[in-house]
Amino acid sequence: MLDLRMIVADPDMVRARLAKRGDTEAPLEAIVALDARRRELIQETDSARQLRNEVSRRIGNEKRRPTDDEISQMRSTGDRISKLENELRDTQSALRERLLTLSNLPLDDVPEGLDENSNVAVREMEVPSVARQEPHWDIGERLGIIDMETAAGISGARFYMLRNKGARLHRALVNWLLDTLIDEFGYEEIVPPYMVRRETLTGAGNLPKFAADLYRDEDTDLWMIPTAEVSLNGMHQNSIIDVDLPLKYVAHTPCFRKEHAAAGRDVRGMKRVKQFEKVEMFRFVEPKDSESALDEMLNIAEELCRRLGLTTRVLKLCAGDIAFQSAKTYDIEVWSPGASEWLEISSVSTCGDFQSRRNNTRYRPSDGSSTRFPCTLNGSALGIPRTFIAVLENYLQEDGSIAVPEVLQGYTGFERID
């Protein structure tokens with residue numbers, strides 16, 4: 001959520017920065033008007049309460065029964081207070097509803113542009129030649145490790161099943177990523193709930209705007225998480241963090257998304273599915289440390305790709321391509337020789353205090369000053385299906401087998417899939 005004081009103080013600046021990401025219909029005028037009315041109602045309510053208290057105090061000091069006029073005045077003042085409180089409650093609700101529709105403001109160094117064509121490559125490795133080129137869906141079927149047909153029979157289109165050494169390779173990736181992030185980079189492992197309340201998704205920025213993309217149990221109004229970011233972001237909602245920042249969390253969870261927009265060749269194999277697994281990094285940091293934390297998280301994700309021996313490029317996303325809650329985002333893509341394309345394997349973002357304002361997460365600075373909203377950052381480390389794809393296609397041998405990356409061999413217990 002954007003700072004209301006910032007919107008009221010400089011709505012033209014907010015409008016210009018929202019327009020940078022293609023949002024030209026933000027209800028800023030309505031927000032400013034509602035805030036003005038909210039402040040008027042607070043003042044009128046306080047004045048009415050003060051009048052009622054003065055009359056009550058005068059009667060008490062004089063130790064007498066109130067007159068008929070005083071009773072009438074107290075009654076009408078009470079009615080007025082009740083009416084003002086109801087209007088104030090409605091105004092505050094309407095104001096919050098409109099504030100929740102506003103996306104985060106892109107930082108100044110986010111590239112201009114409204115779609116992925118304006119993203120800027122900041123690092124790119126040379127695409128290597130491969131001994132054999134084959135898409136992962138063909139590799140998986142041939143080796144008996146990816147079973148799309150059985151998955152479709154169980155759940156319908158856009159689900160996958162892994163079998164035999166494919167399942168073990170998948171598990172090895174997860175365990176290696178978790179161990180590396182915990183043991184080398186100091187993250188605390190979390191196993192969070194996979195279903196969350198509406199309030200938690202609202203705090204993360206997924207609701208109300210993206211309800212159609214999410215799975216929900218209507219009886220309980222619990223929602224399946226689209227990413228562990230949602231659960232990790234909600235860990236301190238409506239509370240004050242009472243330990244020194246930063247807090248660094250990592251979680252391995254399934255992710256559930258309806259993927260309405262995907263079409264064409266993106267639906268082949270495991271590239272874009274409705275249920276997948278991901279290892280997610282998440283941080284709460286002091287505002288002064290948010291930029292360095294973003295760089296560090298990006299470096300970690302790149303290092304994981306390097307250790308897997310994958311060819312990568314890093315994109316700085318333009319304003320129109322960053323997520324609703326993001327202020328700046330880098331994508332890491334890996335080369336997929338089987339399909340001759342780049343695949344996003346990680347997205348690392350800083351959200352400023354946008355999410356902590358939405359779910360009222362605060363921290364107490366070590367200098368003893370008043371509580372503040374921390375900044376939040378999130379990053380995939382890594383998305384498992386596309387990491388799995390990259391390993392299959394980049395480690396494909398001339399004889400059709402798959403060589404297991406060295407860092408995973410201690411986890412798989414084998415060096416080759418054939």
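Welcome to a predicted model, in which local features need pLDDT of at least 70, side-chain atom pairs count only at pLDDT 80 or more, and totals for chains, interfaces and linings use all residues. Residues are numbered from 1 along each chain as its sequence is written, and side-chain values use heavy atoms, leaving out hydrogens and water.

**The chain as a whole**
- The protein chain has 13 helices and 15 strands; helices (H or I, at least four residues) and strands (E, at least two) are DSSP runs, numbered from the N terminus.
- The C-alpha trace spans about 100 × 45 × 45 Å along its principal axes.
- Of the 418 residues, 50% are buried, where buried means under 20% relative accessible area, exposed means over 50%, and partly exposed is in between (1.4 Å probe, protein chains only).

- Eight strands form an open sheet in the order 1-9-10-11-13-8-7-2, with mixed pairing; two strands pair if DSSP finds at least two bridges between them.
- At the edges sit strand 1 (120-124) and strand 2 (188-190), each pairing on one side only.
- Strand 2 and strand 7 run parallel and are joined by three bridges, with E188 opposite Y249 in strand 7.
- Strand 7 and strand 8 run antiparallel through ten bridges, and P254 has E277 in strand 8 as its bridge partner.
- Strand 8 (residues 275-285) also runs antiparallel to strand 13 (residues 375-383), with seven bridges between them; here F282 stands opposite N378.
- Strand 7 is largely enclosed by the rest of the structure, because nine of its ten residues are buried.

**Helices on the sheet**
- Helix 7 (residues 164-183) lies across strand 2, strand 7 (247-256), strand 8 and strand 13, at about 5° to strand 8; axes are lines fitted to C-alpha atoms, for helices over the stretch in contact, and angles run from 0 to 180 degrees between N-to-C directions.
- Contact means heavy atoms within 4.5 Å.
- Helix 12 (residues 384-394) packs on the sheet and touches strand 8, strand 10 (328-336), strand 11 (341-350) and strand 13, making about 35° with the direction of strand 13.

**Around V191**
- V191 lies in the loop between strand 2 and strand 3 (195-197).
- V191 counts as exposed because its relative accessible area is 64%.
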